[in-house]
Amino acid sequence: MTEKERFMYLLMGKISGADAPIVFKGAMITRLILVEGGYTALERQTKDIDANWVGEPPAMNVLIDTINDSLGELINHVYAVAFRAYGEKVSAGISIREKQTDEEIISMDIDMRPIHGSRIYHYGEIAVKGVLVDEVLADKLTVLSKQRIFRRVKDMVDIYALAHCVEVHTADVFEMFKKNPSREIGAFDEFIQRRQDVEHAYERLRGITNKPPFDQVYKFVLNFIQPFIKQDMIPRVWNTKKSSWGVKTHAI
């Protein structure tokens with residue numbers, strides 16, 4: 001983990017601790033889920049922070065003030081400023097800058113779309129409010145199911161890693177799709193029929209420690225996404241030890 005990433009967790013912890021209406025997502029939260037699950041076989045670097053605003057979208061000046069008011073003692077060294085206003089299908093762009101040099105340290109994208117639940121994750125003693133793993137998976141499955149896979153093949157890597165340590169219930173993931181109609185799951189045509197193009201995008205992917213061979217990742221992920229390809233509504237549970245789906249049974 002880089003020093004920049006450690007600072008990002010510190011910043012996220014300050015904002016979460018101030019009870020700001022901001023919930024984090026993206027690679028930084030995915031990493032905390034993986035660490036919590038004991039999966040450290042690979043690590044994907046990231047350079048920015050992704051988050052969602054919870055509640056009625058604020059004016060941009062209110063959003064910036066909320067972040068700056070959350071920084072605590074960090075406000076002596078850094079400050080937040082907007083570089084992009086949010087709009088329809090456009091997230092707010094926030095720049096965290098060093099006070100002495102006015103250089104950007106971190107950028108942050110904040111979506112105004114609703115999220116469906118959150119919980120506290122930990123990086124050491126730092127507590128960070130993040131989205132639920134089912135929402136993480138729903139977002140990444142949406143990417144894999146459409147042509148966006150070629151621009152965001154990193155999401156295939158994240159699904160591969162998460163499926164090694166997280167018990168997944170298909171019913172919970174499908175529920176996330178129901179709660180957010182704008183998040184539509186596609187047919188996975190590109191992922192299945194254009195394997196060579198997916199491989200090409202994967203081989204160009206950088207910033208992954210212990211990057212596995214493409215065939216290993218592709219076959220594993222293809223197996224994991226089968227219920228979502230088939231739109232199989234029978235409740236199933238992913239067994240991380242067996243790397244397979246089982247039918248969920250109810251205790252009598």
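Lys89 is placed in the loop between β4 (78-84) and β5 (92-98); helices (H or I, at least four residues) and strands (E, at least two) are DSSP runs, numbered from the N terminus. The model is a predicted one, in which local features need pLDDT of at least 70 and side-chain atom pairs count only at pLDDT 80 or more, whereas totals for chains, interfaces and linings use all residues. Residues are numbered from 1 along each chain as its sequence is written, and side-chain values use heavy atoms, with hydrogens and water left out.

Lys89 is exposed, with a relative accessible area of 86%; buried means under 20% relative accessible area, exposed over 50%, and partly exposed in between (1.4 Å probe, protein chains only). The phi of Lys89 is positive, near 65°, in a residue other than glycine. Most residues other than glycine have a negative phi. Asp19, in the loop between α1 and β1 (22-25), also is not a glycine and has a positive phi near 60°. Asp19 counts as exposed at 60% relative accessibility. A further loop residue, Gly124, is found between β7 (118-123) and β8 (126-131) and is exposed at 67% relative accessibility. From Gly124 to Phe83 the separation is 41 residues in sequence and 31 Å in space, C-alpha to C-alpha.

Helix α1 covers residues 3-17, 15 residues in number, and its first and last C-alpha atoms are 21 Å apart, close to the 21 Å expected at 1.5 Å a residue; the expected span is 1.5 Å times one less than the number of residues. Buried positions in α1 include Glu5, Met8, Tyr9 and Leu11, and Met12, Gly13, Ile15 and Ser16 are buried in α1 as well. In helix α2 (residues 26-36), 8 of the 11 residues are buried, so α2 is largely enclosed by the rest of the structure. These are Ala27, Met28, Ile29, Thr30, Arg31, Leu32, Ile33 and Leu34. Gly38, which follows α2, has a positive phi near 80°.

Helices α4 (residues 133-144) and α5 (residues 154-162) pack at about 140°, with axes 9 Å apart. Axes are lines fitted to C-alpha atoms, for helices over the stretch in contact, and angles run from 0 to 180 degrees between N-to-C directions. The two helices are therefore oblique to each other (under 35 degrees is roughly parallel, over 145 roughly antiparallel, 65 to 115 roughly perpendicular and the rest oblique). The crossing of α4 and α5 is left-handed, meaning that the near helix is turned anticlockwise from the far one by less than a right angle, clockwise being right-handed. Contact (heavy atoms within 4.5 Å) involves Val133, Val136, Leu137, Lys140, Leu141, Val143 and Leu144 of α4 with Asp155, Met156, Asp158, Ile159 and Leu162 of α5. The contact residues comprise 9 nonpolar, no polar and 3 charged; Ala, Val, Leu, Ile, Met, Phe, Trp, Tyr, Cys and Pro count as nonpolar, Asp, Glu, Lys and Arg as charged, and the others, Gly among them, as polar.

Helices α8 (residues 195-203) and α9 (residues 214-224) pack at about 125° with axes 11 Å apart, which makes α8 oblique to α9. Their crossing is right-handed. Arg195, Val198, Glu199, Tyr202 and Glu203 of α8 meet Phe214, Asp215, Val217, Tyr218 and Lys219 of α9, a contact of 5 nonpolar, no polar and 5 charged residues.

Thr170, in helix α6 (residues 170-179), is buried at 1% relative accessible area. Residues up to four places away in sequence aside, Thr170 touches Pro227, Phe228, Ile234, Pro235, Arg236 and Trp245.
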